[in-house]
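Hi,

Here is the structure I promised to pass on. Have a look at it first, and my notes follow just below.

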Amino acid sequence: MSKGKIRYKTTIAGRPYTIIGARPEEHMRSVSKMVNEQMQHIESLSKGLDPERRAVLVAVNAVSDQIEMQIKLEDMQKRVEELEKKLEKDQEMKTSDN
């Protein structure tokens, strides 16, 4: 196991898993909880779906959310850059006025 990696044991959808990663245990506990909640939510909406299909839907939803958050992050970074340029321009104007 690589340096800084931990083993985290959890149960997702009634099955035991050992997850190996560098994230803190609290993070992994939150991830496991959220995955379980999403699996249960999908099960409540689509009775009869097997766990594998529910897991695929959870993965699709997670990737969709990730893409949406990436777009928001890029928009925010662009806005920060615009504001930094505006601030720099305003400071240059103040300096030249003095």
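Ser-32 is buried, at 4% relative accessible area (buried is under 20%, exposed over 50%, partly exposed in between, with a 1.4 Å probe and protein chains only). Ser-32 sits in helix α1, residues 25-45 (helices are DSSP runs of H or I with at least four residues, numbered from the N terminus). Leaving aside residues up to four places away in sequence, Ser-32 touches Tyr-8, Thr-10, Ile-12 and Ile-19, where contact means heavy atoms within 4.5 Å.

A word on the source: this is a predicted model, in which local features need pLDDT of at least 70 and side-chain atom pairs pLDDT 80 or more, while totals for chains, interfaces and linings use all residues. Numbering runs from 1 along each chain as its sequence is written, and side-chain values use heavy atoms, without hydrogens and water.

Now the salt bridges. The whole structure holds 7 of them (a side-chain nitrogen of Lys or Arg within 4 Å of a carboxyl oxygen of Asp or Glu). One of them pairs Arg-29 with Glu-25 at 3.3 Å, N to O; these two are 4 residues apart in helix α1, so about one helical turn separates them. Both Arg-29 and Glu-25 are partly exposed, at 44% relative accessibility.

Another joins Glu-43 to Arg-54, with the closest N and O atoms 3.9 Å apart. Because Glu-43 lies in helix α1 and Arg-54 in helix α2, this pair ties together parts 11 residues apart in sequence. Glu-43 is partly exposed at 36%, whereas Arg-54 is buried at 8%.

Enjoy looking around!
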